Amino acid sequence: MAKIEWPSADQAAIIGKRVTRTDGIAKCTGEAKYTYDVNLENQLIAVGLGCPHGHCKITALEAAPAQNVKGVVAVELLKKAGDEIQWEGEILAVVAAESEGAAREGVARLREALKIEALDVFVNDEDLEAATKANRISKGGDKVELEKEPGDDDDEDEFIEKEIARLFKESKHVVEADYGIDVITHCCLEPHGSTVEWKGNKLNAYLSTQNVSGTDEGFAGGLGITADDVTVTCQYIGGGFGSKFAPDYWGITAAQIAKKTGRPVKFMLDRDQELKLGGSRPSGYIKVKLGADENGIVQIWDSTHWGTGGVSSGSVSQAVIPYVYTPKNYRRVATNVSVNAANARAWRAPNHPQGCAITQTAYDDLAAKMGADSLEIFKKNLVNISNPQFKQLYEEEMDLAAKIMDWKAKWHPHGKGKANGSVVEGLGMAIHTWGGGANASTAIVRIHPDGSVSTFCGTQELGTGTRTCCAMVTAETLGLKVEDIDVNIGVSTYPFSGASGGSTTIGAISESHRRAATAALNQLFEKVAPKLEAKAEQLVAKDGRIQSNGDSKKGITWREACTLLGMRPLEASASYERGAQSPLSSSQVGGVQMAHVAVDKETGVIKMKKFVVVQDMGLIINRLTAESQCYGAAIMGIAYALFEQRLMDPATGRFINAELGEYKLPRIGDVGEIVIELYEPEHQRSRGVIGLGEPPVISPGAAISNAVANALGVRVPVLPLTPERVLAALEKA
Amino acid sequence: MRDLKDRPPASGFSRREFLKGSSAVAAASLAAQQAVGQEKKQDSAVISGWTEITLNVNGKNEKVKVEPRTTLMEVLRYQLDLTGCKPVSLDGSSGASTVLVDDKPITASTTLAVAVKDKKIRTVESLGGPNPDPVCKAFVERDAQQCGFCTPGFVVAVRAFLDKNPGATEEQVRQGLNGNICRCGTYSQVIQAALDVVNSNK
């Protein structure tokens, strides 16, 4: 009888191996159909009119100018005269037409006729003083933790001030500095959107979503129908990164236009709308003072930080300040700044990349001030971390990363490296943590009399290789090959599986598919046992055979075994509840990253030379796609460390670089050498599957900033580290 | 998925349409300019409104209906259902709509359909089929893809680059493929995949 557990590393036939994607060729050749690619018969193409100003009142908005355009079939006004709009790009009206050209012409006519009254705009999230003056701030939470308790007679506030002052006075080394990280966007290459059609009162929605099982409810709620009346399909999604959990109002609008016109509608955001509306990550700017003892161990941390998540969404959580490292004494205060921009959305590892970038830079500046090796300071401070049981793991990972980077040989104190003309080099590092526990998931495994196997699960292929991992787990369990499994995902009528957010999918689908496949196999064993004159609990499935454990001769082929099912397929379903204790999965990982950069002091240009990722994730399902997550995260990290930022015009509140020509992302020549080391010793593998999407994207900002500081001997305080900022920091120093 | 190429355009051909809207005029004059200098003088005739042209796509002559402003990408995606050419940036800066026109990589999102009517157009779909191009196979082996939305454009760009530089070095690969953006961060494996193809030809 197969049990709910993973095979050991030496027994596993498929789990932990490098398996190429089952949908790889489809993605390479255009065969894979994304939401944008779904062309339905007689469909209309919809284009939205975006608000041209960061804060305004609409004084005239009419449908007629677009209705007169040849090819335009429907015009839907989402706003009306008198409405106040709080950010640029907000969709005011939607034009649906026979062709994209006609829809765009219709939008152009609406734009010409649109009249607005411009109102005061505030977009300067970096300037806390200006934000305070403009009355754009709100409290974002705070926390004080001091080892010493106030006496019964002490005034608490007074005690805190005095105690913090005392701790700084006792500190051997004190660092006072500012750091920051600008707003970036999700910038999914497939923009948000849907292609929808009605069949009577039932809605078929092809939606670009990370949440196949949950967005049927989203449509239903917005349209006044029930979730049973909605089928959401997403076989492929062109990027989500935390921004695609809901149909959004533009999805609801598409369904409404489809209803009114009786025709399918495709409504995808334009590139600039994707950047303005599709999702952004909050900024974070911080003033820090830290005090350390003679060994460089931080004893007191005192910081206030602020940033924006748009009009009404918060800044970086105070809970990640300082990041991973948790000194015994700290005070952290967060302030939210409201700017005229659409609200932020969850961006891969919410809060963590910013928390890391604006605090582990301070730890590195402590090393610089002491003339110490950064690696030693990062290591010594492991005595005070949020998960003390991870101390040894971080030490092992730091040693491994240092070896791959050749840290010892390359290291020089901050600003003391040899210059090659105007070019200096430096090393930096950072560490991170993430939960990544499995989401809820249910899977059905069906074994057919002809030996074929199909699985059904309402999860989604986010780009992480989920379809392949479903096949791997099922095939491993049944003793079959990956290509033997027909995996069915991406449809909301399949069994529920949680949204892909927070690195919860690999755990979710591993749980549900391992459990359902095991249950199906145990049923099959019952059928086979009499024929083999064995007990069901003595049977195993291996190499395409069902056989007695320990006597491989006593067995039959898989196909022969399945003929015993008779005419009907065998079916088993199994579920995993989020948070349940399981031998298959757990949560919480570490991770260490190191960067080696070269900086040209004349031009301010930073080049990535080498980037090292050492990452644990419990048990690895697919080594190939796990590595890809790390490569991708490193590159996304290089993007926000060196290139991408949202630039806002202070006068109009316009997002002025909302096209890919101006919204700078790294290209193939910008990323340098990247080395991935998946850390899976038995003490980690035995913990089961843990999600990997978020953790490796957290450290690059701090690691790269620290490497630049090590090269220059000067901190470039705010990410991204653009040439302009590098030169400004050098000039100031 | 239904083949959409037989769908008639909703708005008909009309002379009066010609002067309506600056974009249409600009498009028409650009088309006329591009036609000038080609072998046949009569090709430089002004076109406007919806008109039927023939495009040679993946070795097949396809009759399509276009306006002067219709991009090659719109024709490929909406009339021929060749959706491997992806709409990522209107300005072409992402490279996701890369196709080959007379063997040269161009972005279909910034190319007018009327401008390529006498040329050989090859889309990523021509690299697929039962025996996919070695570039596709190398992308899969190296896992040079995540969400995959940029991947077809990248595959076409790598194919074109390697056709021109069959013995490319790693440095040349890093310098020669900067026209495509990947948000998921697959560059490292794209480099490996391209070099695998180079090495397999040695």
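For the complex as a whole, the predictor reports an ipTM of 0.97 together with a pTM of 0.94. The average pLDDT of chain B is 85, and 78% of the residues of that chain score at least 70. Where pLDDT is low, the predicted coordinates should not be read in detail.

Chain B contains six helices and five strands, which follow one another along the sequence in the pattern α-β-β-α-β-β-β-α-α-α-α. Of the 202 residues in chain B, 57% are buried. When contacts in chain B between residues at least 6 apart in sequence are considered, 57% of them join residues at least 24 apart. Asp81(B) is placed in the loop that runs between α2 (72–79) and β3 (98–101) of chain B, and with a relative accessibility of 14% Asp81(B) counts as buried.

In chain A, helix α6 (residues 212–223) comprises 12 residues and reaches 17 Å from its first C-alpha to its last, which is close to the 16 Å expected at 1.5 Å a residue. The buried residues of α6(A) are Val212(A), Ser213(A), Thr215(A), Asp216(A), Phe219(A), Ala220(A) and Leu223(A). In an α-helix there are 3.6 residues a turn, so residues three or four places apart point the same way. Among the elements that cover the buried residues of α6(A) are β10 (193–199), β11 (202–207), β12 (230–233) and α7 (248–261) of chain A. Just after α6(A), Gly224(A) adopts a positive phi of about 70°.

A helix pair in chain A was also examined. Two packed helices are described by the angle between their axes and the distance between the axes. For helix α9 (residues 352–370) and helix α18 (residues 700–712) of chain A, the axes come within 8 Å and cross at roughly 35°, and the crossing of α9(A) and α18(A) is right-handed. On the side of α9(A), the contact is made by Cys356(A), Ala357(A), Gln360(A), Thr361(A) and Asp364(A), while α18(A) contributes Gly701(A), Ala702(A), Ser705(A), Asn706(A) and Ala709(A). By residue class, the contact of α9(A) with α18(A) is made up of four nonpolar, five polar and one charged.

Ile321(A) and Pro322(A) are joined by a cis peptide bond with omega about -20°, and Pro322(A) belongs to the loop between β16 (298–308) and β17 (329–337) of chain A. The peptide bond from Leu719(A) to Pro720(A) is likewise cis, with omega near 0°, and Pro720(A) occurs in the loop between β29 (718–719) and α19 of chain A. Cys187(A), although not a glycine, has a positive phi of about 50°. This cysteine, Cys187(A), is placed in the loop between β9 (184–185) and β10 of chain A, and Cys187(A) counts as buried because its relative accessibility is 0%.

Glu724(A), in helix α19 (residues 723–732) of chain A, counts as exposed because its relative accessibility is 66%. Although Glu724(A) and Val605(A) are 119 residues apart along the chain, their C-alpha atoms are separated by 8.7 Å. Asp154(A), in the loop between β7 (137–145) and α5 (156–170) of chain A, is partly exposed, with a relative accessible area of 41%; Asp154(A) and Glu31(A) are 123 residues apart in sequence and 71 Å apart in space, C-alpha to C-alpha.

Pro449(A) lies in the loop between β19 (441–447) and β20 (453–456) of chain A and counts as partly exposed at 21% relative accessibility. The C-alpha atoms of Pro449(A) and Asn343(A), 106 residues apart along the chain, are separated by 53 Å. Apart from neighbours within four places in sequence, Pro449(A) is in contact with Arg559(A), Cys562(A), Thr563(A), Leu565(A), Gly566(A), Met567(A), Arg568(A) and Pro569(A).

Methods
Residues numbered from 1 in each chain as written. Chains lettered and ligands numbered in written order. Predicted model: local features only at pLDDT ≥ 70, side-chain atom pairs only at ≥ 80, totals over all residues. Heavy atoms only, no water. Axes fitted to C-alpha atoms, helices over the stretch in contact; angles between N-to-C directions. Helix = DSSP H or I, 4+ residues; strand = E, 2+ residues; numbered from the N terminus. Left-handed = near helix turned anticlockwise from the far one by under 90°. Contact = heavy atoms within 4.5 Å. Nonpolar A, V, L, I, M, F, W, Y, C, P; charged D, E, K, R; others polar. pLDDT = per-residue confidence, 0-100. Buried < 20%, exposed > 50% of the residue type's maximum accessible area, 1.4 Å probe, protein only. Expected span 1.5 Å × (residues − 1).
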